[in-house]
Structure formats: structure tokens, C-alpha cells
Amino acid sequence: MSLLNTEILPFKAQAYANGEFVELTEASLKGHWSVVFFYPADFTFVCPTELEDLAENYAEFKSLGVEVYAVSTDTHFTHKAWHESSAAVGKVQFPMIGDPTATLARNFQVLIEADGLAERGTFVINPEGKIVIMEHHDGGIGRDASELLRKVKAAQYVAANPGQVCPAKWQPGAATLTPSLDLVGKI
């Protein structure tokens, strides 16, 4: 069953954020746009490049009213140690959620049960707590924060403009479409 357009499930987890440990729940992800960014493990190879890319684009996410949450099945203690020992991960200012019980990974259907690790899964959640974008990547394929930003902007546009949709490669300010019988076969 697809998680698209479903509400996020309840959870309680510890995160490392801005030099502190904080508790987060599903309520923490509501009331604003959220990106939940699962990755396999701390102290690995592709993961720090992705987190650094997100960190370098974090100000733009924040300017859109979006909070980013990175999640792996490591503990919040491990996140702190990684944040302090890696120049790339040290740039991260968003919460890094520890999911050692794999509750979140199961809730978002990204858990690799045999390994106890999360797949590379990205979820955009609207302020009501519904998943509006989701994608999974193979472990060897890193994600691009600029493409994620484009998708978030499209999701926000569609939410603010009912009846309009964003075509491929849409960027803010570009033309959108209003689906109708008149468009069938014309594109």
C-alpha cells in the first residue's frame, strides 16, 4: 500500500539538533512543511555527502517554511558523535533523529529488516501531516537537495492553487496546467 496522501503515524524519538538532544513526535512534523530524509547509517560514504548537500541548502528550505529531519536507525548519541567528527555532517543544523527501534523506518516503509537499516527514502509532508511526495533510492544513489527543493516548491504551489498542476521540470514562475477535457491530446 502506498503511503502517498496518508497521514504520518505516531512516533516518539530522540534527535540531535543544534548541540542538544530533543524529543520529537508526529506532532513536531505538523503545522509546517516537513522533509523526512532517511539514510542508511552514520559514518558511511554516500550519506555524509547527502547531509552536507541538505545542510548547504537548509536556508532555502527554511525560507519556504520547511523543516528538514534526517533519520537513520543509529542513536541520537551516534548522530552527535558524527556531527562533531565530520566536517560535512558538522554543517547540519536540522534535527538528526535517532531511530534505533526502527519505528520511523517501519512507519515510512523504508526499513531493510535483514540489516536493521533504512533505505534512502525521502518524504515531503504537508502542514496537515499528510505525505505528498515520496521516493526511494538504491543505497548507492545519492540524492540532490536542489531537485528536492524544486519538488517542495511544486507541492506548495499545488496546495496553494487547487485545480492547477505543475508539469515536468516546473520552476516557480513557470506556466502550470489546469487539467480539463480541452487539454486531452493537446500536450
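**Terms and values**

Q: Why does Pro162 count as exposed?
A: The relative accessibility of Pro162 is 69%, and exposed means over 50% relative accessible area, buried under 20%, and partly exposed in between, with a 1.4 Å probe and protein chains only. Therefore Pro162 counts as exposed. Pro162 is found in the segment after α4. This is a predicted model, in which local features need pLDDT of at least 70, side-chain atom pairs count only at pLDDT 80 or more, and totals for chains, interfaces and linings use all residues. Residues are numbered from 1 along each chain as its sequence is written, and side-chain values use heavy atoms, leaving out hydrogens and water.

Q: Is Glu50 buried or exposed, and how do you know?
A: Glu50 has a relative accessible area of 2%, so Glu50 is buried.

Q: Which residues does Glu50 touch, not counting residues up to four places away in sequence?
A: Contact means heavy atoms within 4.5 Å. By that rule Glu50 touches Phe37, Tyr39, Arg120, Ile141, Gly142 and Arg143.

Q: What places Glu50 in a helix?
A: Helices are DSSP runs of H or I with at least four residues, strands are runs of E with at least two, and both are numbered from the N terminus. Glu50 lies in the helix α1.

Q: What makes β1 and β2 a pair?
A: Two strands pair if DSSP finds at least two bridges between them. Strand β1 (residues 12-17) is joined to β2 by 6 bridges, and the two run antiparallel. Lys12 has Thr25 in β2 as its bridge partner.

Q: Why do β2 and β9 stand at the edges of the sheet?
A: The open sheet has 7 strands in the order β2-β1-β5-β4-β3-β8-β9, with mixed pairing. β2 (20-25) and β9 (131-137) each have a single partner strand, so one side of each is left without a neighbour in the sheet.

Q: How many cavities of 30 Å³ or more does the structure hold?
A: On a 1 Å grid over the protein atoms alone, a cavity is a set of points where a 1.4 Å probe fits but cannot get out, and lining residues have an atom within 4 Å of a point. The structure holds 1 cavity of 30 Å³ or more. The largest cavity has about 40 Å³ of space, and its lining includes Phe37, Asp53 and Arg143.

Terms used:
1 Å grid on protein atoms, 1.4 Å probe; cavity = no way out; pocket = protein on both sides within 12 Å on 5 of 7 lines; lining within 4 Å. Points joined across faces, edges and corners; volume = space filled by probe spheres on them.
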